[in-house]
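Biologist: Before I rely on the labels attached to this model, I would like to go through them with you and hear what each one rests on.

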Amino acid sequence: MPERLAELGLGVPIFLAPMAGITDLPFRRTVARFGAGLMVSEMVASAEMVTARPSVRARARTDLGLADGGIVTSVQLAGREAQPMAEAARILADMGAPIIDINMGCPAKQVTGGASGSALMRNLDHALTLIDAVVGAATAAGGVAVTLKCRLGWDDACLNAAELASRAEAAGVRMLVVHGRTRQQFYKGQADWAAIAPVCAATGLPVIANGDVTDAGAASAARARSGAAGVMVGRGAQGAPWRLAEIAHVLHGTPAPAVPKGAALAELVADHHADMLSFYGRDLGLRVARKHLGWYADAAGVEPALRKALLTTATEPEARALIATAFGGAPGPSRAEAA
Ligand SMILES: Cc1cc2nc3c(=O)[nH]c(=O)nc-3n(C[C@H](O)[C@H](O)[C@H](O)COP(=O)(O)O)c2cc1C
């Protein structure tokens with residue numbers, strides 16, 4: 001199985017999950033400082049991609065712009081019709097996406113209501129028309145690999161991830177990520193890693209287990225129970241961009257990340273904050289930054305009044321000062337100041 005991942009340019013199989021509104025370029029750059037086997041962009045809607053809205057294209061950027069140690073970023077496409085999916089795949093290939101991932105796992109009503117995301121698991125014949133279209137377009141555009149992310153099924157009466165896996169493999173998909181919940185479970189309860197085992201048995205594809213992998217112990221249990229080739233981490237990396245590197249160290253013996261504390265943590269948070277402001281512009285950047293600041297603050301045990309001040313700050317200098325106080329260090333000048 002490592003060979004089939006290596007064919008995709010992937011090494012250590014600890015991957016960052018796609019999370020809309022979270023795994024944007026600034027967060028992926030922050031995770032990349034510590035390392036990851038693969039990072040997946042936020043999903044981009046095929047219809048919006050085709051109409052070429054700049055903000056949608058920005059979501060699909062894979063240029064980390066730093067010494068990323070060769071971390072591959074795949075771009076995730078969501079959609080419900082074959083033709084725009086194929087067209088969007090062509091655009092992504094032209095933009096240089098090394099891997100295109102198809103979203104068949106998102107449970108959100110805005111997405112499933114539009115019959116994309118996990119709703120595609122209700123009709124595998126239709127889902128396969130999308131897969132065929134994307135694989136066809138990606139192959140024609142220079143052989144870009146296509147992967148798939150799904151859930152166990154729509155609900156307990158429709159657990160068809162194994163059937164989807166074998167049909168997707170026959171259609172040319174190169175890797176499958178399975179979130180161990182059904183769509184009807186949304187994010188409730190515990191992910192069922194053992195339920196991923198029949199999916200692994202049904203396909204020769206590398207299968208990656210996803211859902212509730214928050215540390216090395218969970219990653220190890222998820223792999224043992226599912227027999228999967230690797231794990232994908234989503235919410236466990238929020239406020240802890242070093243989490244994947246920590247898991248990789250324990251499971252695969254890669255160097256342990258230097259988990260930042262005090263001044264180093266303040267500097268990391270300040271850099272991430274500045275990157276969000278420069279990527280989104282000041283006003284949107286400050287809003288997007290709030291959730292990340294909240295996660296960093298919760299992880300560091302920042303006291304409530306300071307946490308609140310941090311999340312409602314209106315300027316970058318004020319934010320930098322509060323970050324220094326909250327995380328116990330004095331960050332250096334921002335990139336703009338340093339330039
Ligand atoms: C806020 C949020 C946004 C998400 N956006 C996407 C998405 O764009 N595409 C996708 O396939 N899954 C998306 N997911 C699902 C995650 O990729 C992952 O499957 C899920 O969170 C379970 O993994 P975890 O327990 O490690 O977080 C999202 C999840 C969250 C919490």
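Predicted model: local features only at pLDDT ≥ 70, side-chain atom pairs only at ≥ 80, totals over all residues.

Modeller: Residues are numbered from 1 along each chain as its sequence is written, and side-chain values use heavy atoms, with hydrogens and water left out.

Biologist: What makes the strands S1 to S8 a barrel, and in which sense do they pair?

Modeller: The order S1-S2-S3-S4-S5-S6-S7-S8 closes into a barrel of 8 strands with parallel pairing, where strands are DSSP runs of E with at least two residues and helices are runs of H or I with at least four, numbered from the N terminus. Neighbouring strands of this sheet are turned against each other by 30 degrees on average, direction ignored.

Biologist: How do you know that S1 and S8 pair?

Modeller: Two strands pair if DSSP finds at least two bridges between them; strand S1 (residues 14–16) and strand S8 (residues 230–233) run parallel and are joined by 3 bridges, so they meet that criterion. Phe15 has Met232 in S8 as its bridge partner.

Biologist: Why is S5 called largely enclosed?

Modeller: Buried means under 20% relative accessible area, exposed over 50%, and partly exposed in between, with a 1.4 Å probe and protein chains only. In strand S5 (residues 145–153), 9 of the 9 residues are buried, so the strand is largely enclosed by the rest of the structure. S5 pairs in the parallel sense with strand S4 (residues 99–104) over 6 bridges and with strand S6 (residues 176–182), also in the parallel sense, over 5 bridges. Asp101 stands opposite Thr147 in S5, and Gly153 stands opposite Thr182 in S6.

Biologist: Why is H13 called roughly antiparallel to H14?

Modeller: Helix H13 (residues 282–300) and helix H14 (residues 304–311) pack at an angle of about 160 degrees, with their axes 9 Å apart. Angles under 35 degrees count as roughly parallel, over 145 as roughly antiparallel, 65 to 115 as roughly perpendicular and the rest as oblique, so H13 is roughly antiparallel to H14. The axes are lines fitted to C-alpha atoms, for helices over the stretch in contact, and angles run from 0 to 180 degrees between N-to-C directions.

Biologist: Which residues make the contact between H13 and H14?

Modeller: Taking contact as heavy atoms within 4.5 Å, H13 contributes Arg290, Leu293, Gly294, Ala297 and Asp298, and H14 contributes Arg307, Leu310 and Leu311.

Biologist: Why is Thr313 called buried, and what does Thr313 touch?

Modeller: Thr313 has a relative accessible area of 7%, which is under the 20% limit, so Thr313 counts as buried. Thr313 is placed in the loop between H14 and helix H15 (316–327) and, not counting residues up to four places away in sequence, touches Leu286, Glu318, Ala319 and Leu322.

Biologist: Why is Phe186 called partly exposed, and why is Asp212 called buried?

Modeller: Phe186 has 22% relative accessibility, which falls between 20% and 50%, so Phe186 is partly exposed; Asp212, with a relative accessible area of 17%, is under 20% and therefore buried. Phe186 is found in the loop between S6 and helix H9 (197–202), and Asp212 in the loop between strand S7 (207–210) and helix H10 (216–226).

Biologist: What is the phi of Phe186, and what is the phi of Asp212?

Modeller: Phi is near 45 degrees for Phe186, a positive value in a residue other than glycine, and near 65 degrees for Asp212, likewise a positive value in a residue other than glycine. Most residues other than glycine have a negative phi.
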